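Subject: Structure handover

Hello,

Here is the structure I promised to pass on. Please open it first, then read my notes below.

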Amino acid sequence: MTVNHKIKLKIIFSILIVSVILFTLPEVPKSYAHAFITKSDPASLQSLSTPPTKVDVDFSDPVDIKYSQIRVLDSDGKEVQENDQHYINNDQSALSVSLPPDLKNGVYTVATKVLDQTDGHVTEKAFVFAVGQQIPQNLENTSSSTNYQIISIPEAIARFPSLAGQIMISGALASTLWLWGPISRVSHNRTLELKTKIDKMTMRWLVIGSVILVASDVAMIVVQAYSINAGILDAISTKFGNMWAIRMILSLSLLGLIFTVYQKVRKSPMLLPKPYIVTLLGISFAVLATTSLISHGAATGKITPLLLDFVHNVFASLWIGGVMYLAFVVLPYLKKNGESLFNASVISTFIPRFSILVSAILGAAAITGPFLLYAIEDNTALTLASFYGKVLIIKLLLVAVMIAFGAYNQTIVYKNANKALSIASGTSTISANNNHSTNKFGSTMKIEAFIGIVLIASIAVLVDSGLPSSEFQNQ
């Protein structure tokens with residue numbers, strides 16, 4: 001049995017073990033990560049014979065009372081609620097506000113605007129109730145309408161480059177550790193020279209990724225401050241802002257360390273020491289963890305969905321980031337150096353090595369993904385009918401296309417590279433075949449990488465989207 005087959009068997013065995021563990025976990029609670037109304041007293045469209053003394057509203061997630069409000073307006077648009085908004089029995093997912101004792105008969109509108117503590121999303125909703133009369137028919141007919149925001153475009157735009165930056169970093173670092181293992185053990189001057197130059201390009205790539213990450217993190221808090229109509233310091237004082245501050249510290253640390261290592265490599269070309277790579281990879285995983293801590297899974301307050309989200313994020317980052325590393329760092333240099341036979345030997349080593357990594361990643365993602373989706377929404381029909389479900393389908397189609405390109409590289413490109421290497425005579429033929437293999441591999445990897453970038457954009461939309469239960473909260 002070959003080493004590759006042994007590794008694949010270990011991967012399959014590990015996946016089966018993880019599957020058994022996950023299937024034996026207790027029932028996973030739902031998460032929402034966009035706070036919406038689950039119930040209220042008075043209820044929507046309720047007609048009361050006597051005026052209520054207060055309005056109670058329960059939300060799907062804990063909300064920040066400082067940046068949340070319940071307003072009760074009469075038919076003239078005048079606010080009638082008292083200035084005593086408070087949590088109900090210290091439950092941070094339930095707000096209450098008192099009403100004056102002399103509330104007149106009529107129709108009243110309850111307008112809510114709340115800040116979700118977990119992911120920092122601001123959501124709005126309005127409903128009506130009546131005192132001493134029936135709800136007018138025109139209000140009944142429009143009661144299902146809502147200004148609940150399924151997605152905030154500014155927030156999605158701000159989060160997209162942040163996701164891309166952290167994926168660029170973690171994927172490149174993991175690929176550097178994994179792909180160069182066999183080649184680094186070969187004490188060949190040409191191999192060491194190649195690795196040294198690509199390490200320098202890798203550090204430049206990591207600097208770009210960390211700058212994107214930090215800049216996008218700044219954009220996230222600016223958008224957050226705007227959404228709650230407050231200053232930057234006020235936005236940082238929220239629960240979401242506290243997590244953002246931790247993320248910012250980690251991102252700045254990552255940028256500082258990466259830039260320091262880059263300066264060393266730039267001034268004196270050298271192989272990247274493994275401890276440096278491992279340290280940077282560890283910090284990049286910590287940044288990934290902060291993404292999960294402001295995610296849909298974190299909204300449950302339970303550890304299982306949070307861990308599922310983090311593991312899923314890590315796998316996705318290693319895969320997409322690895323593809324981007326090969327497409328934009330390694331292959332452009334191989335194509336430029338013009339040593340066709342040497343290039344083919346590198347490609348013939350990298351493709352099966354990367355395929356082993358991707359097989360493990362996809363296997364694990366295939367397990368964590370469905371469980372994470374179940375933690376978010378267990379009603380498949382509701383999911384498919386929602387905006388969230390439509391974006392999820394687009395994401396899965398993009399994943400399928402990337403897998404198809406990977407399969408093409410594993411079969412056709414790898415086969416051609418090995419065939420060229422096995423030719424015993426005809427130097428010019430070898431050169432032509434290997435140039436073709438390098439160019440073909442470079443082209444397919446770039447296409448796959450650009451698809452991966454679109455996939456990251458779809459993830460940014462999913463992260464910022466309201467879930468199916470919130471989209472159809474009136475039904």
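Arg71 is partly exposed, at a relative accessible area of 28% (buried is under 20%, exposed over 50%, partly exposed in between, using a 1.4 Å probe and protein chains only). Glu79 is also partly exposed, at 39%. The two residues form a salt bridge, with their closest N and O atoms 3.3 Å apart (the term means a side-chain nitrogen of Lys or Arg within 4 Å of a carboxyl oxygen of Asp or Glu).

Before the rest, two notes on the source. This is a predicted model, in which local features need pLDDT of at least 70 and side-chain atom pairs count only at pLDDT 80 or more, while totals for chains, interfaces and linings use all residues. Residues are numbered from 1 along each chain as its sequence is written, and side-chain values use heavy atoms, with hydrogens and water left out.

Salt bridges

The whole structure holds five salt bridges. Side chains of opposite charge can pair when their charged atoms come close.

Another joins Asp199 to Lys195, with the closest N and O atoms 2.8 Å apart. Both residues sit in helix H5 (residues 189–227), four residues apart, about one turn of the helix. Helices (H or I, at least four residues) and strands (E, at least two) are DSSP runs, numbered from the N terminus. Asp199 and Lys195 are both buried.

Arg247 pairs with Asp217, and here the closest N and O atoms are 2.9 Å apart. This pair links distant parts of the chain: Arg247 is in helix H7 (residues 239–267) and Asp217 in helix H5, 30 residues apart. Arg247 and Asp217 are buried.

Helices

How do H7 and H8 cross? Their axes come within 10 Å and cross at roughly 160 degrees (axes are lines fitted to C-alpha atoms, for helices over the stretch in contact, with angles from 0 to 180 degrees between N-to-C directions). That makes H7 roughly antiparallel to H8 (under 35 degrees counts as roughly parallel, over 145 as roughly antiparallel, 65 to 115 as roughly perpendicular and the rest as oblique).

Helix H8 (residues 274–293) has 20 residues. Its first and last C-alpha atoms are 29 Å apart, close to the 28 Å expected at 1.5 Å a residue (the expected span is 1.5 Å times one less than the number of residues). Its buried residues include Ile277, Leu280, Leu281 and Val287.

Asn439 is in helix H13 (residues 427–464). Asn439 and Leu334 are 105 residues apart in sequence and 9.4 Å apart in space, C-alpha to C-alpha.

Sheet and loops

Four strands form an open antiparallel sheet, in the order E1-E3-E6-E5 (two strands pair if DSSP finds at least two bridges between them). The edge strands are E1 (37–41) and E5 (86–88). Three bridges join E5 to strand E6 (residues 91–98). His86 has Ser96 as its bridge partner in E6.

Asn89 lies in the loop between E5 and E6. Phi of Asn89 is near 55 degrees, a positive value in a residue other than glycine. Asn89 is exposed, at 74% relative accessibility.

Pro42 lies in the loop between E1 and strand E2 (47–48). The peptide bond from Asp41 to Pro42 is cis, with omega near 5 degrees.

Best wishes
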